[in-house]
Amino acid sequence: DASSAAAIKIQDAVETSVDLKIEKNFDVSFEISSKELTLSVDDFNDRLLNPAMSALAQRIDTYALSKLADLGGMAETDDFTGPNSVADLSAIVQKMNEQKIPQANRKMIVSPSMQTSIYSINNFVQANFRGDGNSPLMEAQLGRFMGMDMMMALDLPSHTAGAFLQNDGDDDFAINNVGGYTEGTTAITLDSGATGGTQEISVGDTVRITYVDGVARDHKVVTAQNVTSGGALTNLAISPGLYGVDAGTGTTAVNGGQPAVVADDAAATIIGGTSTITNYTLGAAFVPEAFQLIFVPQPAPMGPGTSSATVSYNGMSLRVLQSFDHEKKRDLISVDCMVGCAAIDARLGVRVPAV
């Protein structure tokens, strides 16, 4: 009976955008004399060009990995030593679930020290516990565990906690906004802060906010701010912005009557360091959709005397240039690229710190 069907709810289709800057112009250049090319180099591609492209790829990897620091979630252990138990890894998965990160295609990147700690977990090493036929030790790789493809990387970003965390440790605040905050809010005001002095909350510290559904969700601080004894943090910029939950029958925010996802006086805690743990490496658990990596094809040079070609190498758009020095009888080879990378959806990942 169509007359008894529930009325549909028309929703606005809201499209958002994220700025993605072309930040880097990486280059690897080398020269080779006519004598070397004639007498010593028997395979130019394998011995010279491919290693140059691999070196370029390493620089791009380091740049892309730096964007792990822009993820919103924070899955810290009590001592910031990194995950070294099934309980620690379970907490990372729980944090991902609370952020509503899709379960398909989850990844986890760890540092060498985190890898060592994870290898100490019996349930991870023993194939019969993992439910597949491959031990990570036999395969010389971390493998898959708790629904995440796990891998190690050397060039992970690091974070130094702000003076506030170094002096006061974790400290409790409260949301200070009548009616609360709606979805999409990227700047919040907090009150009841530091216990003494003026101290800085740094970019990369984390504010953990209790939402109206009772779940505490994390947001990275994106603009440094000072807090005074017992004072407020006004318009503290965060990433990601507050995102949607089931607000139920709770209060409504003041702007437009939209349901508040975070209520006034909700608990908020600044986390990300202690008086003894001030600097650490950042691994991460995420889905690839959290990031975007782009290459911009480059034009051929306008000046004469240089041969050029744009090639694709493992999905990267690279420009290869070759010029010849007649006086010194040598070729100059240059491989470069223009690249940009960003965490386009910080909700889809969790930072994992480890000293």
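Helices (H or I, at least four residues) and strands (E, at least two) are DSSP runs, numbered from the N terminus. The structure is a predicted model, in which local features need pLDDT of at least 70 and side-chain atom pairs count only at pLDDT 80 or more, while totals for chains, interfaces and linings use all residues. Residues are numbered from 1 along each chain as its sequence is written, and side-chain values use heavy atoms, with hydrogens and water left out.

Pockets were examined next. Rolling a probe the size of a water molecule over the atoms shows where empty space is left. On a 1 Å grid over the protein atoms alone, a pocket is an open set of points where a 1.4 Å probe fits, with protein on both sides within 12 Å along at least five of seven lines; a cavity is a set from which the probe cannot get out, and lining residues have an atom within 4 Å of a point. Grid points are joined across faces, edges and corners, and a volume is the space filled by probe spheres set on the points.

The volume of the largest pocket is about 860 Å³. It is lined by 28 residues, of which V18, A343, I344, D345 and A346 are the closest to its centre. At least two lining residues come from each of strand 13 (233-239) and strand 19 (330-343), and strand 19 gives the largest share, three residues. By class, this lining has 13 nonpolar, six polar and nine charged residues (Ala, Val, Leu, Ile, Met, Phe, Trp, Tyr, Cys and Pro count as nonpolar, Asp, Glu, Lys and Arg as charged, and the others, Gly among them, as polar).

The second largest pocket holds about 630 Å³ of space. Of its 22 lining residues, D61, A64, L65, I109 and M151 are the closest to the centre. Helix 2 (44-65), strand 5 (148-152) and strand 16 (291-296) each contribute at least two residues to this lining, with the largest share, six residues, from helix 2. The lining of the second largest pocket divides into 17 nonpolar, three polar and two charged residues.

Five aromatic pairs are present in the structure (rings of Phe, Tyr and Trp, the last by its six-membered ring, pair if their centres lie within 6.5 Å; planes under 30 degrees apart count as stacked, over 60 as edge-to-face and the rest as tilted). In one of them, F164 and F173 form a tilted pair, 5.8 Å centre to centre and with 55° between the planes. F164 counts as buried because its relative accessibility is 0%, and F173 counts as buried at 5% (buried means under 20% relative accessible area, exposed over 50%, and partly exposed in between, with a 1.4 Å probe and protein chains only).

Two arginines lie over tyrosine rings (a charge sits over a ring if NZ of Lys or CZ of Arg is within 6 Å of the ring centre and within 35 degrees of the ring normal). The charged end of R217 is 4.8 Å from the centre of the Y211 ring, and R347 lies over the face of Y243 at 5.9 Å from the ring centre.

The backbone was considered last. Most residues other than glycine have a negative phi, and most peptide bonds are trans. The peptide bond from S239 to P240 is cis, with omega near -5°; P240 lies in the loop between strand 13 and strand 14 (267-271). N105, which is not a glycine, has a positive phi of about 65°. N105 is in the loop between helix 3 (86-98) and strand 3 (106-110) and, at 36% relative accessibility, counts as partly exposed. M146, also not a glycine, has a positive phi of about 50°. M146 is in the loop between strand 4 (143-145) and strand 5, and its 28% relative accessibility makes M146 partly exposed.
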